[in-house]
Amino acid sequence: MPRQNPVMDMTTLSALAEPNRMRIVELLRDGPLTVGEIADRLSLRQPQASKHLKMLSDNGIVEVKAEANRRIYKLRPEPFQALESWVESFRHVMEDRFDNLDEYLRKLQNKDKSEL
């Protein structure tokens with residue numbers, strides 16, 4: 001039965017490719033933050049932080065909750081679960097390659113021993 005490959009939304013990778021957006025995601029990994037807190041921690045102007053957060057929100061990576069006059073952002077788990085599943089789909093290929101390398105190295109070692 002053929003292995004089913006998980007679907008990876010490339011817009012997630014594209015959104016995370018920008019360094020400031022990746023830094024925002026890394027900050028939010030520890031918990032929700034306001035735009036101001038994100039801007040302060042990354043030494044960004046608030047409009048810059050808001051622009052990056054909008055891109056992350058539009059791509060489903062973060063969600064925003066309004067509390068009075070503050071906007072609180074937090075990570076959504078689904079894009080990261082999809083990313084983990086997609087990366088995991090490559091594990092068997094890499095394990096096979098390492099097994100083949102291990103077998104090749106053993107053959108070389110045995111060949112060297114037999115030549116002594």
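Trainee: Let's start with R91. Is R91 buried, partly exposed or exposed?
Mentor: R91 counts as partly exposed, at 44% relative accessibility. Buried means under 20% relative accessible area, exposed means over 50%, and partly exposed is in between, with a 1.4 Å probe and protein chains only. Before we go on: this is a predicted model, where local features need pLDDT of at least 70, side-chain atom pairs count only at pLDDT 80 or more, and totals for chains, interfaces and linings use all residues. Residues are numbered from 1 along each chain as its sequence is written, and side-chain values use heavy atoms, with hydrogens and water left out.

Trainee: Okay. What does R91 form a salt bridge with?
Mentor: With E88; the closest N and O atoms are 2.8 Å apart. A salt bridge here is a side-chain nitrogen of Lys or Arg within 4 Å of a carboxyl oxygen of Asp or Glu. E88 is partly exposed as well, at 38% relative accessibility.

Trainee: How many salt bridges are in the whole structure?
Mentor: The search finds eight. One of them joins K54 and D58, with 2.9 Å between the closest N and O atoms.

Trainee: Where do K54 and D58 sit, and how are they spaced?
Mentor: In helix 4, residues 46-58. They are four residues apart, so about one helical turn separates them. Helices here are DSSP runs (H or I, at least four residues), strands likewise (E, at least two), and both are numbered from the N terminus. D58 is exposed, at 54%.

Trainee: What about E67, which side chain does it meet?
Mentor: K65, in a salt bridge of 3.3 Å, N to O. E67 has a relative accessible area of 34%, which makes it partly exposed.

Trainee: Which residues are linked in a network?
Mentor: E63, K74, R76 and E78, through salt bridges.

Trainee: You mentioned helix 3 and helix 4. At what angle do they pack?
Mentor: About 110 degrees, with the axes 9 Å apart. Axes are lines fitted to C-alpha atoms, for helices over the stretch in contact, and angles run from 0 to 180 degrees between N-to-C directions.

Trainee: Parallel or perpendicular, then?
Mentor: Helix 3 and helix 4 are roughly perpendicular. The cut-offs: under 35 degrees is roughly parallel, over 145 roughly antiparallel, 65 to 115 roughly perpendicular, and the rest oblique.

Trainee: Which residues meet there?
Mentor: V35, G36, I38 and A39 in helix 3 meet Q46, A49, S50 and L53 in helix 4. Contact means heavy atoms within 4.5 Å.

Trainee: Last one, F80. What does F80 touch?
Mentor: L16, V25, I61 and L75, leaving out residues up to four places away in sequence. F80 and I61 are 19 residues apart in sequence, but 8.1 Å apart in space, C-alpha to C-alpha.

Trainee: Where is F80 placed?
Mentor: In helix 5, residues 77-88. F80 is partly exposed, at 26% relative accessibility.
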